[in-house]
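Thanks for coming, everyone. Please take a look at the structure on the screen, and then we'll walk through a few of its features.

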Amino acid sequence: RVSSRPGTCLEQDLPSITGPARECAWRLDRIVTFEEHCVLSNDKRAGMKRITVVGTGFGGLTAVSTLRKLEPSAEITVIGKQPDFFYYPSLIWIPSGMRSGDDLTINLENFFRRKQVTFHQGAATGIREGGRVVETDNGEVSNDGLIIATGGRYLTGLPGIEHATIPCRGRKDAECIRDRLNEMDGGTIAFGFGGNPKEPSAMRGGPVFEFLFGTDTLLRRQGRREHFKLVFFAPSKRPGQRLGEKAVDALLKRMAERDISTHLGHKLKGFKHDKILTEGGEVEADLIVFIPGMSGSPWFDNTTLPRSDGGLLAADAHCRVPDWERVYVAGDAGSFPGPDWQPKQAHMADLQATAAAKNLVHEFNGDDPVEGFKVELACIIDSLDAGTLVTRSNTRTLLLPSTRLLHWSKRLFEWWYLRRYR
């Protein structure tokens, strides 16, 4: 049915019209011509919010999921070097062969398709126009709102640090540990971590305990433990204090029970190919596994974004970069207010990204950012066949003894988390 006017439909005609024709036929509760519909569609498209998320890690992908729920019509662009997500928490299982790098790498094309996301392949190199343009090595991306979740970088200024393997840097380092363990007939393996003295939260010590205890379990399974000496070193006398005092006591007790030597409380001076140099002496080692403190991504240096003393992006309690309109940060890239035990974990990146996305939408709607994030530490310290649960919040600390159930819980969580991105 058509009306007496060419190019128009009447309201009573709509029940007989389906699909795109119905959508085009009626706008603003009145008769519209085809030409008017085109103008209205262009206006709608022009009014769509353009949101850029930099990073394809935990924080970046959580921001995408949250934004799509809150803004179904927004144009979301993700900037990243590759359309891949790497599940870093399970790096601890690569040396034993329980996981491979491919097991932990998820191609994001299906996820981006489901979330109607445009992927811009490239590395961020700068920002201008108050955050409204992100520069990359593959062109520029304009936006109306920006969330930065590019993670951090490890501090590699200690002399000779090239002699240490930094396992949480990526799959290649974890695979290097696996290959070295397979090659070695015996010797000394040293595990340790450092920090950023200007940014107390910018450290990642938990995985070192897991690599340490996991290696001990692996060597015992293989019947080779008596041929190896395991050493744990750290500049702190009581490493892992952000986990709580009870956790530190439990970790040190377990090291003693497993015949793991310690070299604690001495400032690190550097490394050589066969030893760790500290102010309290030298530690000989045939393999050094070390996670240094963290700082901000190198591309931050090309911007005028405010930085913390430790080199991370400054952020307020709402994950907003101060004095930058509609610019937010989540995860390891940011320095957030909170207690000195505030962790750098994937869990915290998820919480911060959720708050950042919600607050960005508040700003789009003309409201002030009000969403915060709960500071909490939650981890299962895995030893390849068992796990110890540690949680901490502003009100309590919980430590559960090592059980096989917690090891399998960690494996189950990995499966549950990754399925959303497959």
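Which residue forms a salt bridge with Asp249? Arg238 does, with the closest N and O atoms 2.8 Å apart. A salt bridge here is a side-chain nitrogen of Lys or Arg within 4 Å of a carboxyl oxygen of Asp or Glu. Asp249 lies in helix α7 and Arg238 in the loop between β14 (228-234) and α7, so the pair ties together parts 11 residues apart in sequence. Helices (H or I, at least four residues) and strands (E, at least two) are DSSP runs, numbered from the N terminus.

A word on the source. This is a predicted model: local features need pLDDT of at least 70, side-chain atom pairs count only at pLDDT 80 or more, and totals for chains, interfaces and linings use all residues. Residues are numbered from 1 along each chain as its sequence is written, and side-chain values use heavy atoms, leaving out hydrogens and water.

Back to the pairs. The whole structure holds 22 salt bridges. Take Glu414 and Arg99, with their closest N and O atoms 3.0 Å apart. Glu414 sits in helix α9 and Arg99 in the loop between β5 (84-86) and β6 (105-107), so this pair ties together parts 315 residues apart in sequence. Glu414 is buried, at 7% relative accessibility. Arg99 is buried too, at 14%. Buried means under 20% relative accessible area, exposed over 50%, and partly exposed in between, with a 1.4 Å probe and protein chains only.

Next, a hairpin. Strand β9 (residues 133-136) pairs with strand β10 (residues 139-142) in the antiparallel sense, over four bridges. Two strands pair if DSSP finds at least two bridges between them. Two residues link β9 to β10. Val134 has Val141 as its bridge partner. Glu135 forms a salt bridge with Arg128, at 3.1 Å between the closest N and O atoms. Glu135 is partly exposed, at 25% relative accessible area.

Now the backbone. Most residues other than glycine have a negative phi. Which way does phi go at Asp259, positive or negative? Positive, at about 60 degrees. Asp259 is in the loop between α7 (245-257) and β15 (261-264). Asp259 is exposed, at 59% relative accessibility. Asp323 also has a positive phi, of about 70 degrees. Its loop runs between β21 (313-314) and β22 (327-329). Asp323 is exposed as well, with a relative accessible area of 84%.

That's the tour. Questions, please.
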